Amino acid sequence: MAQTSRQGFLHNAVLALALIAPALAIAAESAPISSPRVTATLLSSRDAVQPGERFQVALVQKIARGWHTYWQNPGDSGEATRIDWTLPAGMTAGDIRWPAPKALPVEPLVNFGFEGTLLLPVEIAVPESARPGERVTLKANATWLVCEKICIPEEGAFTLDLPVEAAAIVDENAQSRIDATVAALPQPAGFKAKLTSDGDRLALSLPGLGAEARDIRFFPLSDTLIEHAAPQPATPAANGVSLQLARSSAFKLENAELSGVVTFKDGGLPRALAVTVEAEPTLLTTAAGASAAPRPAVVRLPVPVEGADLTLWAALAFAFAGGLILNLMPCVLPVLFIKALGFAQLARAHRDEVREQGVLFLSGVVVTFMILAGIVVGFAALGTSIGWGFQLQSPPLVIGLAVIMTLIGFNLLGAFEVGTSAGGVGQDLAGRRGRLGAFMTGALAVVVATPCTAPFMGAAVGYAVTQPPAMGLAVFLALALGFALPVLALSFAPGLLRLLPRPGRWMVILKQAFAFPMFATAIWLVWVASVQAGPGGVLAALIAVLAAGFIVWLVGITRGAGRVRLAASGLAALVALGAGWFVLQSAVPSATSEARAGDIQAWTAERVAGLQAEGKPVFVNFTAAWCITCLANERVALSRQEVKDAFAELKVTSLKADWTNRNSAIAQALAEQGRAGVPLYLFYPGEKDAQPEILPQLLTPDMLVTAARRAAGKEIKTASR
C-alpha cells in the first residue's frame, strides 16, 4: 500500500511539473516569429524580476543556412537590426550590445553581419518603485533584413510578461546563453589606434596587437570610411601591427575620434576588440567640403540576369540604351509623330531654328524625367516604393491625358486652332515659333512613355532606386538622354531634313493622319480608367472630354469679342472646375487586385509559398492595364494556345499581380526583385522556398514553355547579383 501511495505521489508530481514547465518557459521566452529564413524570439534571463535590479534580455535570431542578417554598419549593403521598446513606466532599455560581425562576401560586395544563431543582448532596468506581486510587460517591435540571393525585410512583435518578486528568479539556461554571448562581445582594446593617410590609402596602427595575431580585420562603425570589400593586408609596425585600408570613394570623416571592432585569431582562437581610433587632422572633412554625403542604409537588391553585377557605368549604359529603344514603343510614337510633322514643316527653315527646336525638346524630356525620377528616388530613399509609372495609377491623371490626346487629335484634323499662348498644342506645338510647344512635346512624350518598358530599362531603373539619390538620378538622366537623342540628332542633321519633299498638300494629309494615333491613345487611356475605376471612370472621362471640347469651342467663338470674351472665360473656368470636381468624385478606383481572366488566380506571397510547398511550379505575372509592354506580352505570348497547353501539361499555376491601382504589397514584391515597375515575370520551381527565375521583359511563347519545363523539372535558377 505504501509503495502504491509513493507511486501515485510521484505520478502526480511528474504531471504537475509537466504542466508547470511550459508556463516557466513562456515566462522566460516570448512566442516565436517564424519565416523560412529566420525564427526570432525575445529571451529573458529572469523568470521574475525584483525592484531596482538590472537584467538581460536578448533578441534571438535563428538564421537559415545561406542567409544572413546585419551588423550596425552593414557594409556595402543591407540594414542593421533595430528594436523599439514599449515598457512600463520607470523601466528603461539600453542599446543593443553587438557581437563581433563577420565579413560576408556577396560578389562583388562584402557585407558585415551574422549567420547561424545570433543573440543581441539588451540591458533592462527595473525601477525601485516596482512592487512585489505586480506584473511588468515588456513589448518589443524588431525589424531586420535577411539576405541571400535576395533581400527580404522582416519584423516581429514580441511580448514578455514577468512577475515582480522580492527576490529575482533567474532562468539558469537563458542566463547562461546570454552570459556566453556577453563574454564573447568585443572587449575594450586597452590601447588607442591611430589612422593616418598613406597616399590614396589609409594606415591603421594597432600598437597593442602582437606579431602572433592572424586574420586581422577592422570593422569601422562608419560606413563612409573604407572600401569594405578591399583586402586589409597587415604589416609589422612599432609595438604592434599596421593595417592597410582602401579609402572609401564616399570618404567622409568629421570627428577626429572614431570607433570600430578589430577581429583576429590569437593562438587559433577568435578574439574581438572594441577600439577607439584617433585620426590625423588632415583626414577630417566638413559638412561643406565633404566629398560625399553619408550613405543611407540602402538595401542592394538583386537585379535580373540581363543586369547582373551592375556597376554604375553599366547601369548608365543600360539606361541610355533603354531610352533609345523606348522611342520605338507604341505609347510614345503618337507624340513623336507631332515632332516629325514639325520637322517636316521646318525642313527648309534656318539651321539655328531647327536646332533650337531639338534642344527645347531635349529640355522638356530631361526636366520631366527628372521630376518623375526625383519623386521615385525620393520615396525609395525613405524606404517606400512607388515605382516607375506611378502617375498612371491615378485615374484623374489618366483621364486628363485622354482629354489632351483627344484635343490634339481634333486640332490636327483642323477642328480648331490654338495659338502659342495656349502651350503649343497641335500645329503650333511643332510650328516654327512654338518654343514652348517644343518643350511641352518633350514633356508629354515622357508622361506617355512611362507605361512602356523597353529592354534594359528594368535592370537600370531597378538599380537606380536602390542607390543613393545622386546615383539614382544619374541613371534616370542617362535614360532621358537616350530617349531624346533621335529627335536631337535629327535637328542637328539638316541634310536629312532636306531629303523630305517640299511643303504642300501632302503635309496637310499627313497632319490629319497623325490625328488617329492620338485618338487611339485616348481610347486606350479611357479603357485604363475603366479598369481602375469601373463605369464611373468611363463616365468621368466622357464628361471631361465634353467639357474640354465645350471650353475650346467657347474660347474660339469669342476670340476678340471684348466683354463677351471675358464672360466666356468666366464660364469656361466654371465648366473646367465643375468637370474637374466630377472627375475627382467619380474616378475612384473600384477594381481590386484580383485577377479576373479565366483560371488565373490573384497573387499573394502566401499563395506562392503554399503552392511551392505543395510541389507546384508557379508563374507570376506582375502587370498593369496602363503598361503597354505588359499588354503586348499577353497578346503575343501569354495568351497563345501552345503556352496554355504547356502550363496545363506541366501543372503550372498562373498568378496575376495587378498593379493598375496602387498596391503596397506588389510594390514591395517588385522592390525585392530589384524592379521599380512592371512588367515582371517570375517562374517559381515546385520546391519549397526555391527562388524564382526572372524572365526577360519581352516574352516569346518558346521562352515561356522552356521556363515552365525548367520549373516543373525542379531545375532551379536563381537571380544573381
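Two strands count as paired if DSSP finds at least two bridges between them. In this predicted model, strand 16 and strand 19 (residues 257–266) are joined by five bridges and run antiparallel.

A second topic is the open sheet with the order 6-11-12. It has three strands, and their pairing is antiparallel. Strand 6 (82–86) and strand 12 (151–163) are the edges. Each has a single partner strand, so one side of each is left without a neighbour in the sheet. Direction ignored, neighbouring strands here are turned by 15 degrees against each other on average.

Strand 11 (residues 135–147) and strand 12 share 13 bridges in the antiparallel sense. Lys139 stands opposite Thr159 of strand 12 in this pairing.

Strand 24 (residues 680–684) is mostly covered, with five of its five residues buried. In a regular strand, side chains alternate between the two faces of the sheet. Strand 24 can be read residue by residue. Leu680, Leu682 and Tyr684 point one way, while Tyr681 and Phe683 point the other way. All of these are buried.

Strand 24 has antiparallel pairing with strand 22 (residues 618–623) over five bridges. There, Phe619 stands opposite Phe683. Strand 24 also pairs with strand 25 (residues 693–694), again in the antiparallel sense, over two bridges. In that pairing Leu682 faces Ile694 as its opposite residue.

## Helix 6

Helix 6 (residues 395–412) has 18 residues. From first C-alpha to last, helix 6 reaches 26 Å, close to the 26 Å expected at 1.5 Å a residue. Gly414 follows helix 6 with a positive phi, near 90 degrees.

An α-helix has 3.6 residues a turn, so residues three or four places apart point the same way.

## Helices 13 and 14

Which residues make the nonpolar surface patch of about 630 Å²? They are Phe550, Trp553, Ile557, Leu571, Leu574 and Leu577. Helix 13 (535–557) and helix 14 (563–586) each supply at least two residues of the patch. Ile557, one of the patch residues, lies in helix 13.

Ala547 is also in helix 13. Is Ala547 buried or exposed? Its relative accessibility is 9%. Buried means under 20% relative accessible area, so Ala547 counts as buried. The C-alpha atoms of Ala547 and Gly578 are separated by 8.9 Å, although the two residues are 31 residues apart along the chain.

Technical notes: Residues numbered from 1 in each chain as written. Predicted model: local features only at pLDDT ≥ 70, side-chain atom pairs only at ≥ 80, totals over all residues. Heavy atoms only, no water. Patch = residues over 30% accessible without salt bridge, like charges linked within 9 Å, V, L, I, M, F, W, Y side chains within 5 Å. Areas by Shrake-Rupley, 256 points an atom, 1.4 Å probe, with all protein chains shown as cover. Salt bridge = Lys/Arg side-chain N within 4 Å of Asp/Glu carboxyl O. Helix = DSSP H or I, 4+ residues; strand = E, 2+ residues; numbered from the N terminus. Buried < 20%, exposed > 50% of the residue type's maximum accessible area, 1.4 Å probe, protein only. Expected span 1.5 Å × (residues − 1). Axes fitted to C-alpha atoms, helices over the stretch in contact; angles between N-to-C directions.
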